[in-house]
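Here is a short briefing on one protein structure. Please keep the sequence and the model open while reading.

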Amino acid sequence: MTTSPIRLALTLAVSLAIIPAAFAAPPTKTGKTDKGNVLTDAKGMTLYTFDKDADGKSACNGPCATNWPVLKAEAGDAAGDGYTIITRDDGSRQWAYKGKPLYTFAKDTKPGDITGDGFLNGAWHLAMP
């Protein structure tokens, strides 16, 4: 049995559509700060982790999440390469790296700012690559 050109074209199209999803780019970038390289969001803003987060669950909700905006994961995003997606208390999705949920800090105003490092008696830390 021979494969028709239409079937071959459809198979190729489906295969190519799957490849980008399998090799999706990580949700973070790496940026330079006074304390070395850190993970950043797409805008270059420093990302942080919180000591009170445990077992892939965020302990930063309500007013905390206003001061520490989460690195949101969209519906089509897929985990991989050390990155996972957690579900927050409000049902939204958040990126985590090596099991630690990721956040920006509202008081950081430009890429390279690290004003949240050590905040709350050392509970907030720079997310390192």
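**The disulfide**

The link of Cys60 and Cys64 is left-handed, with -105° about the S-S bond. This is a predicted model.

- A disulfide is a covalent bond between the sulfur atoms of two cysteines.
- In the link that joins Cys60 to Cys64, the S to S distance is 2.0 Å.
- A search of the whole structure finds 1 disulfide.
- Cys60 has a relative accessible area of 0%, so this residue counts as buried.

**The nonpolar cores**

- In soluble globular proteins, nonpolar side chains tend to be buried together.
- The largest nonpolar core has 12 residues in all, and Cys60 is one of them.
- A second, separate core holds 9 residues, among them Leu39, Tyr83, Tyr97 and Ala127.
- Which residues does Phe50 touch, not counting residues up to four places away in sequence? Phe50 touches Ala59, Cys60, Lys100, Tyr103, Leu120, Ala123 and Trp124.

**The aromatic rings**

- A pair of aromatic rings is described by the distance of the centres and the angle of the planes.
- With ring centres within 6.5 Å as the cut-off, the count comes to 10 aromatic pairs.
- One of the aromatic pairs is formed by Trp68 and Phe105, which are stacked at 4.0 Å centre to centre, with 25° between the planes.
- Trp68 lies in the loop between helix H2 (63-67) and E4, while Phe105 lies in the loop between E6 and helix H3 (119-122), so the pair ties together parts that are 37 residues apart in sequence.
- Trp68 and Phe105 are both buried.
- A cluster linked by ring pairs contains Tyr48, Phe50, Trp68, Tyr103, Phe105, Phe119 and Trp124.

**The sheet of three strands**

- Strands E4, E5 and E6 form an open sheet in the order E4-E5-E6, and the pairing is antiparallel.
- The edge strands are E4 (83-87) and E6 (100-101), each of which pairs on one side only.
- Between E4 and strand E5 (residues 93-97), the antiparallel pairing runs over 5 bridges.
- Along this pairing, Thr87 stands opposite Arg93 in E5, and Tyr83 stands opposite Tyr97 in E5.
- Both Tyr83 and Tyr97 also belong to the second core.
- The hairpin of E4 and E5 has 5 residues between the strands, and Gly91 there takes a positive phi near 90°.
- E5 and E6 pair in the antiparallel sense over 2 bridges, and Tyr97 stands opposite Lys100 in E6.
- The hairpin of E5 and E6 has 2 residues between the strands, and Lys98 there takes a positive phi near 50°.
- Why is E5 described as largely enclosed by the rest of the structure? The reason is that 4 of the 5 residues of E5 are buried.

**The hairpin of E1 and E2**

- Strand E1 (residues 29-33) pairs with strand E2 (residues 36-40) in the antiparallel sense over 5 bridges.
- E1 and E2 form a hairpin, with 2 residues between them.
- The bridge partner of Thr30 is Leu39 in E2, and Leu39 is also a member of the second core.

**Two backbone angles**

- Most residues other than glycine have a negative phi, and most peptide bonds are trans.
- Asp81 is not a glycine, yet it has a positive phi of about 60°.
- Asp81 sits in the loop between H2 and E4.
- Is Asp81 buried or exposed? Its relative accessible area is 71%, so Asp81 is exposed.
- Leu120 is not a glycine either, and it has a positive phi of about 55°.
- Leu120 is placed in helix H3.
- At 43% relative accessibility, Leu120 counts as partly exposed.

Technical notes:
Residues numbered from 1 in each chain as written. Predicted model: local features only at pLDDT ≥ 70, side-chain atom pairs only at ≥ 80, totals over all residues. Heavy atoms only, no water. Core = buried A, V, L, I, M, F, W, Y, C linked by side-chain atoms within 4.5 Å. Buried < 20%, exposed > 50% of the residue type's maximum accessible area, 1.4 Å probe, protein only. Contact = heavy atoms within 4.5 Å. Pairing = 2+ DSSP bridges. Phe/Tyr/Trp six-rings, centres within 6.5 Å; stacked < 30°, edge-to-face > 60°. Disulfide = S-S within 2.5 Å.
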